[in-house]
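Subject: Structure for your review

Dear colleague,

Please find below the structure that I am handing over to you. My notes on it follow.

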Amino acid sequence: MTYLEAVNRVLIRLREEEVTTVNQNSYSKLIGTFVNDAKRMVEDAWDWSALRTTLTISTTTDIFNYVLTGSGNRIKIIDVINDTSNWFMTYKDTHWMDNAFLIETPPIGSPQFYSFNGVDANGDTQVDLYPIPNGAYNLRFNIIKPQPALTTDASNLLIPYEPVIFGALARAIAERGEDGGLNSNEIYQLYKQSLGDAIALESGRYLEEDSWTAN
């Protein structure tokens, strides 16, 4: 479903005229904002398969800090693999890394551990590696990467669209007040039911993942 289609689905439920572009008028732009707000809520509720991707780092000798280019700062890590040495890497917290680098003399070799270290100027996540690489190693970061905010009419929504529509509709009704139709609490319950149904369908493929949050 496109951004424009999602906005029109919400407008129809509000008994408003459909638009030919999200930016057609101030109200359609507001609904577009609500669609993006709801999209973010739905994204945060579950590790959707459509948002799963892999980012790769190729290390350089004596360099321990790397940027996950294109990651943004809302990613979730599924796992990290040192593809060259054929092992899973282990997360370590900041205190552990500080001790390893500042108090002790860090060794060099094939990276076994990683830790997050802020973001770069583009807003992409940075990671530190330990031991410090002594050559070129290919590291695979399997992640959940939320979709950027929808901005163009033709932008495709990657996650299930129904809970996004109900989430945006609940916000729209709360913003303008009750108008004789369903109230915002009733719509919010529909949102939660729709979200739960979508997660139940998807979780059949990921039986090891059985918890979610309705924001």
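Contact here means heavy atoms within 4.5 Å. The model is a predicted one, and the points below should be read with that in mind.

I begin with Phe 64, to which that definition applies. Leaving aside its neighbours within four places in sequence, Phe 64 is in contact with Phe 101, Val 127, Asp 128, Leu 129, Ile 132 and Pro 133. Phe 64 itself is found in the loop between β1 and β2 (65-67). With a relative accessible area of 29%, Phe 64 is partly exposed, because a residue counts as buried under 20% and as exposed over 50%.

The buried residues of α1 are Tyr 3, Leu 4, Ala 6, Val 7, Asn 8, Val 10 and Leu 11. Among the elements that cover them are α2 and α4. Just after α1, Arg 15 adopts a positive phi of about 60 degrees.

Two helix pairs deserve a description, and α5 belongs to both. On the α4 side, the contact is made by Glu 162, Pro 163, Phe 166, Gly 167, Leu 169, Ala 170, Ile 173 and Ala 174. On the α5 side, Ser 184, Ile 187, Tyr 188, Leu 190, Tyr 191, Ser 194 and Leu 195 take part. Sorted by class, the contact of α4 with α5 has eleven nonpolar, three polar and one charged residues.

Not counting residues up to four places away in sequence, Ser 194 touches Glu 162, Pro 163 and Phe 166.

The second pair is helix α2 (residues 26-45) and helix α5 (residues 184-203), which pack at an angle of about 45 degrees with their axes 11 Å apart. These two helices are therefore oblique to each other. The crossing in which α2 passes α5 is right-handed. Here Met 41, Val 42 and Ala 45 in α2 meet Tyr 191, Leu 195 and Ile 199 in α5. By class, this contact of α2 with α5 has six nonpolar, no polar and no charged residues.

The charged side chains form the last topic. Side chains of opposite charge can pair when their charged atoms come close. How many salt bridges does a search of the whole structure find? The search finds seven.

One of them joins Glu 16 to Arg 176, with the closest N and O atoms 2.8 Å apart. Glu 16 lies in the loop between α1 (3-13) and α2, and Arg 176 in helix α4 (residues 161-176), so the pair ties together parts that are 160 residues apart in sequence. Glu 16 is partly exposed at 33% relative accessibility, and Arg 176 is partly exposed with a relative accessible area of 31%.

Another salt bridge is formed by Lys 76 and Asp 47, where the closest N and O atoms are 3.2 Å apart. Because Lys 76 lies in strand β3 (residues 76-82) and Asp 47 in the loop between α2 and β1 (52-58), the pair ties together parts that are 29 residues apart in sequence. Lys 76 counts as partly exposed at 34% relative accessibility, and Asp 47 is partly exposed at 22%.

Asp 83 and Arg 140 also meet in a salt bridge through their side chains, at 3.5 Å from N to O. Asp 83 is in the loop between β3 and β4 (87-88) and Arg 140 is in strand β10 (residues 138-144), so this pair ties together parts that are 57 residues apart in sequence. Asp 83 is partly exposed at 36% relative accessibility, and Arg 140 is partly exposed at 28%.

Finally, Lys 39, Glu 43, Asp 44 and Arg 74 are linked in a network of salt bridges.

With kind regards

Key. Residues numbered from 1 in each chain as written. Predicted model: local features only at pLDDT ≥ 70, side-chain atom pairs only at ≥ 80, totals over all residues. Heavy atoms only, no water. Axes fitted to C-alpha atoms, helices over the stretch in contact; angles between N-to-C directions. Helix = DSSP H or I, 4+ residues; strand = E, 2+ residues; numbered from the N terminus. Parallel < 35°, antiparallel > 145°, perpendicular 65-115°, else oblique. Left-handed = near helix turned anticlockwise from the far one by under 90°. Nonpolar A, V, L, I, M, F, W, Y, C, P; charged D, E, K, R; others polar. Salt bridge = Lys/Arg side-chain N within 4 Å of Asp/Glu carboxyl O. Buried < 20%, exposed > 50% of the residue type's maximum accessible area, 1.4 Å probe, protein only.
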